[in-house]
Amino acid sequence: MKFGTKVIHAGLQPDPATGAIMTPIYQTTTYVQDAPHVHKGYAYGRTHNPTRTALQNNLAALENAKYAVCFSSGMAAADAVIRLFKPGDDILVSADLYGGTYRLFTQSFADFGIQFRFVNMNDATSIEQHILPNTKMLWLETPSNPTLRIIDLAAVGNICKKQQILFCVDNTFATPYLQQPFNFGADLIVHSATKYLGGHSDVILGAVLCNEEALHKKLAFTQNAVGAIPSPMECFLALRGIKTLKVRMAAHCENAAAIANYLQQHPKVAQVNWPGFSHHPNHAIAKQQMRNFGGVVSFSLKEDTLAAGLKMLSNTHLFALAESLGGVESLIGHPASMTHAAIPKADRLKMGVFDSLVRLSIGIEDAEDLLADLERGLDLI
Ligand SMILES: *Cc1c(COP(=O)(O)O)cnc(C)c1O
């Protein structure tokens, strides 16, 4: 099955009880048993739920994985991955990281004896020198947020294989439509389905995917034992959103290309971050491992001040000022005062998060309207 067919059909079947073509929201905590432990595979709602099973089967097919395990959020999914490790283990992490993941690793797990080391992975050949005898996993995000740098998945996959450490990719930004990390040697994929997979800004949900039965067993154990499970309604909404993933991603990418090219020639704009430009430092790798260049674009202004960046945010109307990304509607944010406000300025600048940097999550509205909104916003600066 090809991708556009999988999003609609993979892992799904008409409801066996009624023939309903949409997987029902099985809103139940428990299931009637014929005798103790004699049942149809469903005993208690935390352990199994048919709506969740359908979503897991569908997600697994999209990433060409054997197994998917869903959680109540992307952060709960990340938490389940870190629970695979024990005190004394070392984990290498890409330096450009989603703020919530950074907080989980450095604060929630601070007293658990697992070491997290943050490394710039832009040059994959320099990664190997950071691997220690107790390094057990490498975790990365590509494209990165908010500067849209790209890490070479195949190169990192080879290093992890050679060094026999697990390779985990947070594939939230790319989605399996743009990039399929298992093809490049990943062992684990984490998703915040809250973003593009759900796609309509109405569901918080996470997932971990893998191909190893032993890893799946541990993740499924955590799902049941810890209980950070998505509700049947959230699973239904994610399934519904995924059906249009292919057409939505294509539209996000097309709009992002139009906007990146428009911004690039604007006299008030200093730098545009979008991996589709041939002058982007990682353009060749992006072309190699991604189908297209995604729906997020960031840019800095020639007037590089916090005030100018914040003014841009208040100037736009269609681009709504909000956290998050990946919905059908366009959003605008200012990393220096929002997601990256807690990072010391010198470190922030080193990451390319300039004072005026503005991040756009480009929706699937008509490009002409989005361009007009940005033009008005830039005129008023
Ligand atoms: C949003 C996000 C997360 C966290 O997901 P939640 O569903 O909000 O818990 C993790 N990684 C990335 C890249 C994200 O954008």
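Is Asp 89 buried or exposed? Asp 89 is buried, with a relative accessible area of 5%; buried means under 20%, exposed over 50% and partly exposed in between, with a 1.4 Å probe and protein chains only. Before going further, please note that this is a predicted model, in which local features need pLDDT of at least 70, side-chain atom pairs count only at pLDDT 80 or more, and totals for chains, interfaces and linings use all residues. Residues are numbered from 1 along each chain as its sequence is written, and side-chain values use heavy atoms, with hydrogens and water left out.

**Salt bridges**

Side chains of opposite charge can pair when their charged atoms come close. The structure holds 9 salt bridges, each a side-chain nitrogen of Lys or Arg within 4 Å of a carboxyl oxygen of Asp or Glu.

Helices (H or I, at least four residues) and strands (E, at least two) are DSSP runs, numbered from the N terminus. Lys 86 joins Asp 89 and Lys 136 in a network of salt bridges. Asp 347 and Lys 350, in contrast, both belong to helix 12 (residues 345–350), 3 residues apart and separated by about one helical turn.

**Around the ligand**

The ligand is surrounded by residues including Tyr 98, Glu 141, Asp 170, Ser 192, Thr 194 and Lys 195, counted when a heavy atom lies within 4 Å. By class, this shell has 3 nonpolar, 5 polar and 3 charged residues.

Polar contacts (N or O atoms within 3.5 Å) involve several of these side chains. A polar side-chain atom of Thr 194 is 2.6 Å from a ligand oxygen, and one of Ser 192 is 2.8 Å from an oxygen atom of the ligand. Asp 170 places a side-chain N or O atom 2.7 Å from a ligand nitrogen. Taken alone, the ligand exposes 380 Å², and the protein buries 92% of that, by the Shrake-Rupley method with a 1.4 Å probe.

Definitions and conventions. A polar contact is a pair of N or O atoms within 3.5 Å; within protein, one must be able to donate a hydrogen and the other to accept it, and residues adjacent in sequence count only if both atoms are side-chain atoms. Ala, Val, Leu, Ile, Met, Phe, Trp, Tyr, Cys and Pro count as nonpolar, Asp, Glu, Lys and Arg as charged, and the others, Gly among them, as polar.
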